[in-house]
Amino acid sequence: MTSDDGIARPGDGYRKGPVLLRGDQVPSETSDQRLLSRSEGASWIHGDPWRVMRIQSEFVEGFGALAEVGPAVSVFGSARTPVDHPDYALGESVGRKLVEAGYAVITGGGPGIMESANKGAKEAGGLSVGLGIELPFEQGMNRYVDLGVNFRYFFARKTMFVKYAEGFVVLPGGFGTFDELFEALTLVQTHKVTEFPIILLGSDYWSGLLDWLRGPVLARGTISAVDLELLRVTDDADEAVKIVTDHGAALREAERAATQALAADQQAAAQSPR
């Protein structure tokens with residue numbers, strides 16, 4: 001029984017959507033396991049269509065809860081980081097500075113880096129958002145989350161990380177963090193989302209990954225040199241936030257110019273002789 005960072009983390013029970021289970025009521029499989037299982041026979045014919053309704057409800061509830069969040073940045077990082085680690089202090093600083101720059105902060109709602117970013121955001125007087133996930137032993141939302149949404153399915157949760165963020169700040173983390181990083185990177189690379197900035201915070205931690213990408217991955221032609229420009233690396237929380245704010249300002253200016261150009265075209269069309 002593990003957390004989404006791959007570690008045992010006994011908690012206050014198991015959340016299955018709005019339902020809290022404890023003791024013998026805790027199931028041996030998660031909703032994701034059941035959804036992705038290739039069970040024998042035709043029982044899936046009866047179960048999977050109902051699962052689709054449950055998945056739909058997660059998107060509806062998530063969209064409804066987060067619709068008025070406003071400009072936000074998703075912060076990713078390890079659940080294992082202890083409170084006295086420098087990375088925790090860095091996450092807290094990022095959360096605080098993002099709020100001071102006018103952004104809400106979105107994390108996975110758990111401990112470690114997630115907690116630190118939520119703490120920085122909350123103590124700065126901003127909106128602190130946590131997107132939790134159903135786990136065999138629920139680690140629960142950290143106490144600094146003001147707006148929390150729990151999900152059964154990872155893919156529904158990951159959609160919310162991307163849909164409501166104008167940038168991604170990634171601190172040191174494990175497989176879960178890598179998954180979130182490369183999900184965001186792929187969506188930006190393939191233009192499935194607006195080209196929001198992706199900032200890696202902690203050059204000592206990320207340098208090995210970047211050397212591998214610039215070396216054998218680029219040399220084999222599986223990525224292009226321009227793809228590497230999608231990643232920004234820094235050790236400074238102020239610089240990370242500035243990258244986000246500068247990009248946000250440029251994006252809003254481009255949107256304003258496009259709106260003005262469209263209005264001018266419409267006006268010219270209305271005034272032209274028919």
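Me: Is tyrosine 205 buried, exposed or partly exposed?
Reply: Tyrosine 205 counts as partly exposed, at 37% relative accessibility. Buried means under 20% relative accessible area and exposed over 50%, with partly exposed in between (1.4 Å probe, protein chains only). Keep in mind that this is a predicted model: local features need pLDDT of at least 70, side-chain atom pairs count only at pLDDT 80 or more, and totals for chains, interfaces and linings use all residues. Residues are numbered from 1 along each chain as its sequence is written, and side-chain values use heavy atoms, with hydrogens and water left out.

Me: And tryptophan 206, buried or exposed?
Reply: Tryptophan 206 is buried, at 1% relative accessibility.

Me: How do the rings of those two, tyrosine 205 and tryptophan 206, sit?
Reply: Their centres are 5.0 Å apart and the planes stand at 85°, so this is an edge-to-face pair. For the cut-offs, rings of Phe, Tyr and Trp (its six-membered ring) pair if their centres lie within 6.5 Å; planes under 30 degrees apart count as stacked, over 60 as edge-to-face and the rest as tilted.

Me: How many aromatic pairs are there in the whole structure?
Reply: Eight. One of them is phenylalanine 59 with phenylalanine 63, a tilted pair at 5.9 Å centre to centre with 40° between the planes.

Me: Where in the chain are phenylalanine 59 and phenylalanine 63?
Reply: In helix H2 (residues 43–66), four residues apart, so about one helical turn separates them. Helices here are DSSP runs (H or I, at least four residues), as are strands (E, at least two), numbered from the N terminus. Ring pairs also link Phe59 and Phe63 with Tyr153 and Phe155 into a cluster.

Me: What lies over the face of phenylalanine 63?
Reply: Lysine 163, at 5.4 Å from the ring centre. The charged end of lysine 163 also sits over the ring of tyrosine 164, 5.4 Å from its centre. The test is NZ of Lys or CZ of Arg within 6 Å of the ring centre and within 35 degrees of the ring normal.

Me: Switching to the sheet. What's the strand order?
Reply: S6-S5-S4-S3-S7-S8-S9, an open sheet of seven strands with parallel pairing. Two strands pair if DSSP finds at least two bridges between them. Strand S6 (147–151) and strand S9 (231–234) are the edges, each pairing on one side only.

Me: How many bridges join S3 to S7?
Reply: Three, between strand S3 (residues 72–76) and strand S7 (residues 168–170). Serine 74 has phenylalanine 168 in S7 as its bridge partner.

Me: Which helix packs on the sheet there?
Reply: Helix H6 (residues 175–189), which touches S3, S7, strand S8 (198–201) and S9. Its direction makes about 150° with that of S8. Contact is heavy atoms within 4.5 Å; axes are lines fitted to C-alpha atoms, for helices over the stretch in contact, and angles run from 0 to 180 degrees between N-to-C directions.

Me: Which residues touch the most others in the largest nonpolar core?
Reply: Leu66, Leu131, Phe168, Ile198 and Leu231, out of 36 residues. Such a core is a set of buried Ala, Val, Leu, Ile, Met, Phe, Trp, Tyr and Cys residues joined through side-chain atoms within 4.5 Å. Apart from it lies another core of 20 residues, including Val75 and Val105.
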